[in-house]
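Open the model in your viewer and keep the sequence beside it. We will go from stop to stop, selecting as we go.

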Amino acid sequence: MAQALLRWHDAHQFCSRSGQPTKKNMAGSKRVCPSSKIIYYPQMAPVVITLVSDGTRCLLARQSSFPKGMYSALAGFCDIGESLEEAVRREVAEEVGLEVERLQYSASQHWPFPNSSLMIACHATVQPGQTEIQVNLKELEAAGWFSHDEVATALRKNNPYTQQQYGTFWLPPKLAIAHQLIKEWVEKPPCSTLPA
Ligand SMILES: NC(=O)C1=CN([C@@H]2O[C@H](COP(=O)(O)OP(=O)(O)OC[C@H]3O[C@@H](n4cnc5c(N)ncnc54)[C@H](O)[C@@H]3O)[C@@H](O)[C@H]2O)C=CC1
């Protein structure tokens with residue numbers, strides 16, 4: 001959190017209107033341009049992260065930038081003007097070609113890497129029978145459905161070092177909200193849902 005704030009100050013040294021240097025306030029909570037009087041506040045980008053389920057399996061995906069063997073839930077930045085529900089539906093459609101039927105908010109997390117994001121985690125379901133995925137290879141390296149047993153086993157054994165060695169798939173570490181979302185699904189697949 002402190003590092004994220006320091007990085008924000010470092011990247012906002014100048015006013016985007018006047019081009020003049022901005023000044024940090026005493027508390028470090030904002031920067032002001034003495035010339036244009038514009039006040040700059042630290043910002044977070046909202047990101048939706050969604051664990052899609054078809055009732056019995058969940059959908060996990062990986063990007064080529066992920067460590068070898070690691071799979072996670074689908075994530076993506078919200079666009080300007082979008083609601084949370086719209087962002088979830090768009091991201092799921094764009095990344096794997098599925099239509100979200102229902103979604104349920106789970107939790108949120110500040111994520112400082114590489115810049116501040118507000119991760120908004122949701123469970124989503126698709127209609128049974130409409131589960132064929134079309135992986136968008138511009139965004140993902142691979143995606144697939146995983147059974148409850150496979151995911152529960154991966155969670156129990158979650159150790160990147162051994163799992164990379166044996167070539168088995170593994171999940172994000174506990175500090176990531178993706179891990180909590182997957183754990184939640186394993187412990188109690190969501191039943192009370194909101195229309196998307
Ligand atoms: N805490 C967790 O469990 C997880 C956190 N994340 C974080 O969520 C964020 C988004 O995930 P991905 O979409 O996979 O990331 P990504 O870093 O692959 O971004 C995808 C694309 O979004 C665009 N982008 C970058 N910053 C943006 C912004 N502020 N607003 C709008 N578009 C922007 C860029 O064109 C980028 O290529 C990343 O910061 C990632 O670190 C992702 C998965 C799990």
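Predicted model: local features only at pLDDT ≥ 70, side-chain atom pairs only at ≥ 80, totals over all residues.

**Stop 1: E101**

Select E101: it counts as partly exposed, because it has 17 C-beta neighbours inside 10 Å. Now show the secondary structure around E101. The residue lies in the loop between α2 (84-96) and β7 (102-111). V52 and E101 are 49 residues apart in sequence, and their C-alpha atoms are 10.0 Å apart in space.

**Stop 2: I177**

Move to helix α5 and pick I177. Is I177 buried or exposed? I177 counts as buried, because 21 C-beta neighbours lie inside 10 Å. Leave out residues up to four places away in sequence, and I177 touches I49, A107, Q109, M119 and A121. Next, select W111.

**Stop 3: the ligand**

Select the ligand and the shell around it. How many residues surround the ligand? There are 16, and the closest are A45, A75, F77, A176 and A178. Colour the shell by residue type. Twelve of its residues are nonpolar, four are polar and none is charged. Then colour by element. At least two shell residues come from each of β4 (45-53), β6 (74-77), β7, β8 (117-125) and α5 (177-187).

**Stop 4: the domains**

Zoom out. The domain assignment gives domain 1 (2-40) and domain 2 (45-189). Their centres, taken over C-alpha atoms, are 35 Å apart.

Notes
Residues numbered from 1 in each chain as written. Helix = DSSP H or I, 4+ residues; strand = E, 2+ residues; numbered from the N terminus. Buried ≥ 20, exposed ≤ 12 C-beta atoms within 10 Å, placed from the backbone. Near = placed C-beta within 6 Å. Nonpolar A, V, L, I, M, F, W, Y, C, P; charged D, E, K, R; others polar. Domains from an automatic or database assignment. Contact = placed C-beta atoms within 7 Å.
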